[in-house]
Amino acid sequence: MIVSLNWLSSHIDLEGLDAERIAELLTFAGVEVEGIEHRGVKDPHVVVARVLEAAPHPQADRLKVCQVDAGTGTPRQIVCGATNYREGDLVPLALPGAVLPGGFEIKEGKLRGVVSGGMMCSARELGLGNDHEGLMILDGEAPVGTPLAEYLGSDVCLEIEVTPNRPDLLGHYGLARELSALTGRALKSGLPAPQAVEQAPDSLLGITMPETCPFYVLQKITGVKVGSSPQWLRQRLESVGLRPINNIVDITNFVLLNTGHPLHAFDAAKLDGTRLIVRAAKPGETIAALDDCDYTLTEEDCVIADASAPQAIAGVMGGAVSGVTETTIDVFLESAWFLPTAVRRTSRRLALSSDSSYRFERGADPGMVTRASALATRLILECAGGQADGPCLSAGEVPQLTGTVSYDPESAGVFLGGHLDAAAQIETLERLGMQREAENGTAWRIPTFRADLQRPVDLIEEVARVRGLAAVPPRTSAAPASASDADRLHDFTLDLKKRLVALGFSEARTLKLVSAAEAEVAPGDATAVALRNPLGEEHTHLRPSLLPGLLGTLERNLNQGQNQLLFFEVGTVFETAVDGGVAERQSLALLMTGDCAPRSWAAPESPQATFAALRGVLDLLLPRQFSPKVAAAETKSMVAAATVGEGRKNLFGWIGQVHPATCRQISAKSPVFAAELSLDALAKLAAAHTPRFRDLPRFPAVTRDIAVEIPRDLPASRLENAFAQAGVALLESWTLFDVFADPEGVRMAADRRSLAWSLTYRDPAKTLRSEEVDAAHEKIRQALGRVQGVVLRS
């Protein structure tokens, strides 16, 4: 919602309060201020000018050559393309040298061969509104030649976000009332008293849907003259971004933005008969609304209808047939209270939202129904002439949404930290518009515009909010709690994410619901959990793996032309439990393809993602003894799959290459590698294996190579386990540096492959002798020779 401080100052004295201070007050009171915008033109070269003559442009059909009086005594020639002005109108004129909002400088020049000595401006070009359909027409009393800044002044607008429980702030008067409570400044008299109404005879007005519309008032005004609104009214609307239409419509919009209560005006001559009825729509009934669209209604929708058809959708939008136009003479002015849930239901079903529905959905003030009607009636008589034809008629009763709430200052003082005495608390409640039922009593009458105040604690919160939560003294009322398993898992997860981001990965967040096809992409034997009532064909199962979501993320990034694609996700996965229930666990998934690092002038070719690169990431996350144990296999979603864990009974993850068929489906041109690990298992490993640090070695190492020939289906991890279990204390580390296979069977049997490791030996206490290294290396060879199917190569 846009709030004009000039408009706001008509309700409360803002002297000494600049926009920043007002924004601070509102923010600390729970009203979010999203922006501050200074509007208006301070440049003295923008002046009030009168159009003396407008002639067709000799070279352009859509342009006119105007002679205007800028107060210099000599007419100035201006070429203009607008069409909404007439000779004699007063308009803003930007003279050469003027700088408009956005840094646009006006210079004298030629348009299609005709000299133009300036530019006549619209409201948007001057930063005074959003209207750009024509020139800004000024009031007839504006002095010619006066700088526009002196005539109109400047304004500051706040953009505020109003929470759903505070519909009383959806108008300038309501916001001024809030500032009055926050600052203690008195409100100016601005709104008329509640309008006296008479119960309407059923022949003129009726309600057959009282649960949706319990109260409805109607004022007939005859003899109005529809035309352009006065300057002050146009300026008010333009200051908050509304385009003036005509004086009747502008008044209803003004009252809405001023009081927060929506109104609607019917052209009486376009109604069928003299009776309006608030009723349920008939199934299949249609209405042409003011937005030039036709809507089909149901019996759940409430309408205001004449004898033959609906003329407005209650609380949402009026009908085009009975809308006010320049030919309107008599109007019916509507003001009502509609049930928020009913308006919201109709608005959502029709996909039709308006300023009126936005307010009615949140709950309009029942006490403002007649006051808004009285204000609009007075303004119509002032701006459009005419007279009120009889009293204001009503149907139904005003709904009672508020009552009394008990408030004991002594008890409330305990919640408020004891820093406010009873007198200060009572003063605060009175500032908020509440009235004490009896002197020294504890019952307080809640105003009609604060239906959100229902309990004593609500009033305590209001007192704290207005007085400032910062003033409540802090107290320690709870003992610190020891860390729980959930706390430790959270800390571990956060640290894990930081480490992965430092390695160049980006975190992804994907949906927990996947399609049946995506559920099949997930590797492993887990059975996906099907939903009983799926939202659609693409959301039929709970995800058994994070891989389908990461593949979708990869596809979207590939479509955007990204090259460096390293993603991770931490989230919940689901599978069918043994007992038929649903088992869920926390999981970490990694995915990489394409470049592993950004390209630059120093490194025009980035290293590409490989299985070894992804395994290197796992080596950084896991203790060495839990490195991947290769189990060569091919599934529907993966090739070269490997498991992660300690033995078959303690597997907690997998790593591998995504199947080329899956890659083709997402247009991935490079190989895609992925891994997924149990987060709980990772956390337990981290807790059980504290990193140990040791001094840098003082004595040199000795390396020896060893090569073997093994069956193709024998995992390399079996041989590395033999290294670790050989009991050679001098063996410090080993690295696999060569893998060879010949699928054709020419240089080696097709069902065999050759592996070669580099083994590092070191004694931390002395320099090794050759015979010591030879003996240690021979033990390793013997250990490998005991593994079935291994042939040592010389």
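## Second largest cavity

Helix 4 (residues 172-183) is the largest contributor to the lining of the second largest cavity, giving four residues. This is a predicted model, in which local features need pLDDT of at least 70 and side-chain atom pairs count only at pLDDT 80 or more, while totals for chains, interfaces and linings use all residues. Residues are numbered from 1 along each chain as its sequence is written, and side-chain values use heavy atoms, without hydrogens and water. Helices are DSSP runs of H or I with at least four residues, numbered from the N terminus.

The second largest cavity holds about 60 Å³ of space. A cavity is a set of points on a 1 Å grid over the protein atoms alone where a 1.4 Å probe fits but cannot get out, and its lining residues have an atom within 4 Å of a point. Volume is the space filled by probe spheres set on the points, which are joined across faces, edges and corners. The lining consists of Arg166, Asp168, Gly174, Arg177, Glu178, Ala181, Arg431, Leu432, Phe449 and Arg450. By class, these are three nonpolar, one polar and six charged. Ala, Val, Leu, Ile, Met, Phe, Trp, Tyr, Cys and Pro count as nonpolar, Asp, Glu, Lys and Arg as charged, and the others, Gly among them, as polar.

## Helix 2 against helix 4

Helix 4 also packs with helix 2 (residues 19-28), at an angle of about 85° and with the axes 11 Å apart. Axes are lines fitted to C-alpha atoms, for helices over the stretch in contact, and angles run from 0 to 180 degrees between N-to-C directions. Helix 2 and helix 4 are therefore roughly perpendicular; that term covers 65 to 115 degrees, angles under 35 are roughly parallel, those over 145 roughly antiparallel, and the rest oblique.

In contact (heavy atoms within 4.5 Å) are Ile22, Leu25 and Leu26 of helix 2 and Leu175, Glu178, Leu179, Leu182 and Thr183 of helix 4. Six of these residues are nonpolar, one is polar and one is charged.

## Largest cavity

Of its 13 lining residues, Asn6, Leu128, Asp155, Gln235 and Ser239 are the closest to the centre. Helix 5 (residues 231-239) gives the most to this lining, with four residues. The lining of the largest cavity comprises three nonpolar, six polar and four charged residues.

## Helix 19 against helix 20

The axes of helix 19 (residues 716-725) and helix 20 (residues 770-785) come within 9 Å and cross at roughly 135°, which makes helix 19 oblique to helix 20. Leu719, Ala722 and Phe723 of helix 19 meet Ile780, Ala783 and Leu784 of helix 20. This contact has six nonpolar residues, no polar and no charged.

Notes:
Helices (H or I, at least four residues) and strands (E, at least two) are DSSP runs, numbered from the N terminus. On a 1 Å grid over the protein atoms alone, a cavity is a set of points where a 1.4 Å probe fits but cannot get out, and a pocket is an open set with protein on both sides within 12 Å along at least five of seven lines; lining residues have an atom within 4 Å of a point.
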